[in-house]
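Hi,

Here is the structure I promised to pass on. Have a look at it first, and then read my notes below.

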Amino acid sequence: MNQEISEIYTEEFFVNMGPQHPSTHGVLRLLLKMDGEVVLDMVPHVGYLHRSMEKIAENRTYFQYIPYTDRIDYSCSMFCNQGFVMTVEKLANVPVPERAEYIRVIMVELNRIASHLIWLGTFSLDLGAITPFLYCFREREKILDLFEMTCGQRLTYNYMRIGGVSRDITPEFIPMTKEFVKYFLPRVDEYEDILTDNPIFLSRTKGIGILDQETAIDNGVTGPSLRGTGLKWDLRKNEPYSIYDKFDFEIPSGKASDVWDRYTVRIKEMRESAKIVLQALERIPEGPIKTKTAAVFKPPEGEIYLRIEAPRGEMGFYIVSDGSPKPYRVKIRTGSFSNLTVLPIISRGWKIADLVAIFGSLDVVLPEVDR
Amino acid sequence: MFELGNLFKNIYLWAENLFYNWGIPQIILELLSMVIVAGMIIGFITLAVLFLVWWERKVSGHMQSRFGPMRTGWHGWLQTIIDAIKLILKEDTTPENADKGGFFIAPIIVFVSAFMAYICIPFGKGLIVKDLNIGILYIMAITTFTVIGLLTAGWSSNNKYSILGGFRSAAQIISYEVPLTLSVLGVVILAQSLSMQTITNSQKHIWEWYIWRQPVGFLIYLVAGIAEINRTPFDIPEAEQELVAGYNVEYSGMKFAMFFFAEYTNLFLVSAIATTLFLGGWNGPFLPSWLWFFIKSFFLVFVIMWFKWTFPRLRVDQLMGFAWKFLLPLAFINLILTGLFA
Amino acid sequence: MSPEDIKKIVTERFPDKLKDAKIIGFEPSFIVEKDILLEFCRYIRDSKELSFDLLSCMSGADYPDRFEVIYFLFSFTHKHKVSFKVQLPKENPEVDSLTPVFPSANWYEREIAELFGIKFKNHPDPRPLLLPEGWDEGYPLRKDWTGKDFKRMPDLK
C-alpha cells in the first residue's frame, strides 16, 4: 500500500507570481516551479522599475542629483539623501556644522521608524492579520506630519544639501517629536501584544526560512536580515559615521535566523531608533545649518566609496569625479539588491504560504533593486 | 406580548385557504403556499445579510481606528444596498475555456445549501417553519453540500489558482465537519432529542443552558464553525495575499454576489445554531422570544467578526493538523465524558 | 589590520602584478592584472590573516581609453577592507567571473555585462537582469551611447 502511494505520479508545474500581485511589494515577477504546494525552485525576474539612475547622474550636477536620490528607495529617502551627500562631502572635504549633523540624525532615525512601520504593516497583512496595518499607518502619519512641518514633503524629501540641511527645524518641532516618541513607545508594545506571542503567528514564522550566517555572508546580505542570523554587525556602531559615536544604543540580533528572528530584530530596532531620537533632541546645539559651498560646486578629482546603514541593508555610493560640476560615474549599492538573491536559496522546499512570509521578512523593496 | 406565535404555519394555512377559495387545485395550492413561506424566509435572510454586511464593515472599521462607511445614508446604512445594485449592474463574464454548466451552477449550489438549513431554525416560541424531529441532523447534512459547490466553482473556472483554492477549501470543510458534528452530539445526548424545538425547550432558565454543561463542546463548535464558513483565521480558500481570492477569482457580477451572500448566510446560520444549542435559543425574560434569539445570535456574530480582524491566518497544513490532531481527539473525549456522566 | 599591513602582505605574495590606486574610504586599493584575478581573490578570501568574506559591491566604469571593473571587499572577522580594480581594453573587454569565489558577484556581473558590454567568462547564468527582454539598442552606461531622446543638460563653467 505504501509503495503504491509513493508511486503516484505528481507533475511539477510552473506558476507565475506575476508582476501584479498583492504580496510582492512592488513589481517583481517570480517564476515558481512547484510540486503541489511545495516550492521546488524559483527564478526572480526584476527590471520592471529600472529608471537608469546611474546614467542620469552623469548628466546632472551634484546639487541637481539630490532629488533623484530620494527616489532610489522612497520609503527611506532621508537615508538615500544622507548617503549621497555624505559621500560628496568626504570627497570634497566639506565640513558639516554640528547642528546640521544632529538634525540629520533625528530625521534619519525617524525615517527608519517610518520604514519599519511600513514593513510591519505589510508583513502582518501578508500573513492575514489585517488590523496592524492600519495601526502602523496611523503612527506613520504622525511622523509624516513632522517631516511635512520641516521640509514640506511627506514622502520624497530632498532635504539634505552638500554641507548641511536645507531648512532649519521650527521651534514646535522639538516638543512635538518628544511627544511623538512618548506616544510611540507603548504602541510598539501593543503590536508585540497582537503578534509576537500569538500561537498562530508563531506557527507561521518560527522555524521557517532559515538563513544561516555563511549563506548570508556569501551572498552579500546585510542589514536586519544579517543581524537576524546572529551576527551583531551595524555600521552605526562598528564603523561610526556622522555623529553616531555620541549616542548610546544597542544592536539587536537574532539566534535561530528564521522569519520570527528577523521580525523581532526590526521591532527592537524601532525602539532603539526612538531612543536615539530622544537623546539627539536633548543635546542639539545652536548654530548654522549649512556650510557655504561654491555656487558651481566642483569636487577635486578622485574616487570614493562610502556606506551607511539603511533600514534594508547597507547603502553605498561609489562616486568617480573628474573635477567637473557633474559626476563622472555614480554607482549605488543597495541592500535589497543582494537580499533578493538569497530568496531562491532559502525558500526551496517550503510551501507557497511560507514563501510569502519569507519574502516579507527579507523586506525587499523593488525600486532599490532596479534603481 | 409581541409574540408572533407560529407565524409560518399561520401564513401557510391562510394562503391555502385563500387559494382554495379561488378554486385552485389541491397540489398547486400546496406548492404555492410553500412558495410563499419560502419567500418569507428568503426575504428575512436578505434583510439579515444586508444588515450583517454593513455591520461587519462598521465593526472592522472601528477596530482599526477608522470609521467605515459614512456617506451613504446615516453612518452608511445604505452601503450594502448600493453595493448589491452595483454587483447586479456589473457585466457577468464567463472565462472562455470555462465549463459553462459548472460555472453557472456552482454559486447556486452554495447558496441553496445554506438557505435550506433555515427551515429548521427556531426563531422564537413556535416560530419555526417545520420542526423536523431530526432537526439538527438535517441541518448538518444539508450544509455539507457547500463542498460540492466550491469544488465545482474551482474546477470550472479553468484557472490554476481557482483549482488550488477549490481543493484547499474542500479539504478544509470536510476535515472540520467531524469535530463539528461530534460537538453537537454532546448536546443531543443531554437533550435526548434531535429536534431543535425540543432542545430549546429544555433550556428554559439560564442555569439550564447547555453551555455550562458543555463548555468544551461550545468552543469546539465555535472554532469548527468558523472553519466551515471559511473565515479568518481559516480563510485559506480566499487568502487574498496568496492566491488572490482562490476559487471565486473568475466570478463577477451577480454570481459573485451569490457567493458573498452565501458566506454571510452561513455566518448567521452558524451563530443561530450555536445560540439554539448552547445559549438557550429564544428563552429569556421580559422581552419577546424572537428578540432574545436575535440578541444572542448577533452577539455571537460579533465575536466571530472580532476573530476575523485580530488573528493572522493559518497555513493549510497547520489547519489540517489542527483539525485532525487536536480538535478531533478533544471532541471524542468530550463525547465520552458526556456519555458517562449525563 | 591597518591598510599598510594588508598592502605589505598582498604585494609580497603577488609581486609586480599590483599597482596602487586611490579610492577614498576603502583603503588599501590596488589595480590588479586581470590574469591573476581569480587567484588573487581566492588568496585574500582563504588566507587566515586577511579572510575577506563579504563582496560588498562591484561596479563598472567607462573611461576614454579603458573599461574598469571595481571590487569592494570586507572582512567580518578582522573588520578591514580592501578594494581593487581591473583595467580592460576597449575592444572586446573580457574578464573572469568571480562567482566561484564569491557567489554574491552573480547579479552584479549580470548587471555590468548588460549595461557595459563587458563579458564575464564562466558566468553560470549570463542573462540580462534589468533591461527588458529583447533589448538590442546597445550598452546604455557607456559614455558614447545615446538613446533615442537623449538630451545633454547644459554644462556649467
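A definition to start with: for angles, axes are lines fitted to C-alpha atoms (for helices, over the stretch in contact), and the angle between two N-to-C directions runs from 0 to 180 degrees. Two residues count as in contact if their C-beta atoms, placed from the backbone, lie within 7 Å. Helices (H or I, at least four residues) and strands (E, at least two) are DSSP runs, numbered from the N terminus.

This is a predicted model, where local features need pLDDT of at least 70 and side-chain atom pairs count only at pLDDT 80 or more, while totals for chains, interfaces and linings use all residues. Residues are numbered from 1 along each chain as its sequence is written, and chains are lettered from A and ligands numbered from 1 in the order in which they are written.

Chain C first. Its open sheet has five strands in the order E1-E3-E6-E5-E4, with mixed pairing (two strands pair if DSSP finds at least two bridges between them). E1 (18–21) and E4 (54–62) of chain C are at the edges with a single partner strand each, so one side of each has no neighbour in the sheet. From one strand to the next, the twist averages 25°. E4(C) runs antiparallel to E5 (residues 67–74) of chain C, and eight bridges join them; C:Leu54, for instance, has C:Phe74 in E5(C) as its bridge partner. Across E4 and E5 of chain C lies helix H3 (residues 105–116) of chain C, at about 5° to E4(C).

Now for a sheet that involves chains A and C. Its four strands are in the order E8(A)-E7(A)-E6(A)-E2(C), open and with mixed pairing. E8 (329–333) of chain A and E2 (23–24) of chain C are the edge strands, each pairing on one side only. E6 (residues 302–310) of chain A pairs with E2(C) in the parallel sense over two bridges, and A:Glu303 stands opposite C:Ile23. Helix H4 (residues 77–92) of chain A lies across E6 and E7 (313–321) of chain A and E2 of chain C, at about 150° to E6(A).

How many residues of chain A are in contact with chain C? There are 36, and they touch 30 residues of chain C. On the chain A side, E6(A) gives the most, with five residues.

Lastly, B:Ala274: leaving aside neighbours within four places in sequence, this residue is in contact with B:Tyr221, B:Leu222, B:Gly225, B:Leu279 and B:Leu300.

Cheers
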